[in-house]
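Please examine the structure shown below together with its sequence.

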Amino acid sequence: MTEPTQPTDKSADPAPPGAEESEAAAFAAEADLLAQTQAELATLKAKSAELADQFLRAKAEAENARRRAEEEIAKSRKFAIEGFAESLLPVLDSLEAGLQHADATAAQVREGAQATLRQLQQALERNKVVQINPAAGEKFDPHRHQAISMVPGTQQEPNTVVGVLQKGYLIAERVLRPALVTVAAPQ
């Protein structure tokens, strides 16, 4: 008969020489790696918190800039006509002053009206309102002129301005009102 074998306890076996030292070295290396990783993690968390703070500040700054821009636009719209109105006030003053002189002669009234007209034209020019008053023979421009009628049998080239019935106006290169013109008809 054979004797039953006893389970062997491997922990009781003596460790080969130097095994404990290499385990301790491996453990120390892992501990160093863990400490290094934890330090890197702490650094990255700090950097992440700093970047999050910078992001929030930048977002708030952008929001404030947007709000200020909207306020400026609202003010610009509200007061855009202020400069134009200021330039028209002297014209109003001249008209009122002219109406206060009941005993003025026709020549004086005409002279006052011409001076007031010059003031008005200057005020319009200062605010970039420019006349469209095409000369006879000028090429018809549908972007600036509106043809009221075509005149047949003229000596002018076809599609050229024969006469101006009403002046037009531009404001900053945009047509405020086209000039009303008659145009030479094709022959």
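Five salt bridges are found when the whole structure, a predicted model, is searched. Side chains of opposite charge can pair when their charged atoms come close. In this analysis, a pair counts when a side-chain nitrogen of Lys or Arg lies within 4 Å of a carboxyl oxygen of Asp or Glu.

One of these pairs is formed by R57 and D53, whose side chains meet with a distance of 3.0 Å from N to O. Both residues belong to helix 1, which covers residues 19–79. Because R57 and D53 are four residues apart in this helix, about one helical turn separates them. The two partners may also be described by their accessibility. R57 has a relative accessible area of 56% and is exposed, whereas D53, with a relative accessible area of 38%, is partly exposed.

Helix 1 also holds R66 and E70, which are four residues apart, or about one turn of the helix. Their side chains meet in a salt bridge of 2.5 Å, again taken from N to O. R66 counts as partly exposed at 39% relative accessibility, and E70 is likewise partly exposed, with a relative accessible area of 45%.

A further salt bridge joins R144 to E173, with 3.8 Å between the closest N and O atoms. Where do R144 and E173 lie? R144 is in the loop between strand 1 (129–132) and strand 2 (145–151), while E173 is in the loop between strand 4 (168–171) and strand 5 (174–177). The pair therefore ties together parts that are 29 residues apart in sequence. At 31% relative accessibility, R144 counts as partly exposed; E173, at 66%, counts as exposed. Elsewhere, salt bridges with shared partners link E63, R66 and E70 into one network.

The remaining topic is helix 2, which spans residues 82–100 and contains 19 residues. What distance does helix 2 reach from its first C-alpha to its last? The distance is 27 Å, close to the 27 Å expected at 1.5 Å a residue.

Technical notes. Residues numbered from 1 in each chain as written. Predicted model: local features only at pLDDT ≥ 70, side-chain atom pairs only at ≥ 80, totals over all residues. Heavy atoms only, no water. Helix = DSSP H or I, 4+ residues; strand = E, 2+ residues; numbered from the N terminus. Expected span 1.5 Å × (residues − 1). Buried < 20%, exposed > 50% of the residue type's maximum accessible area, 1.4 Å probe, protein only.
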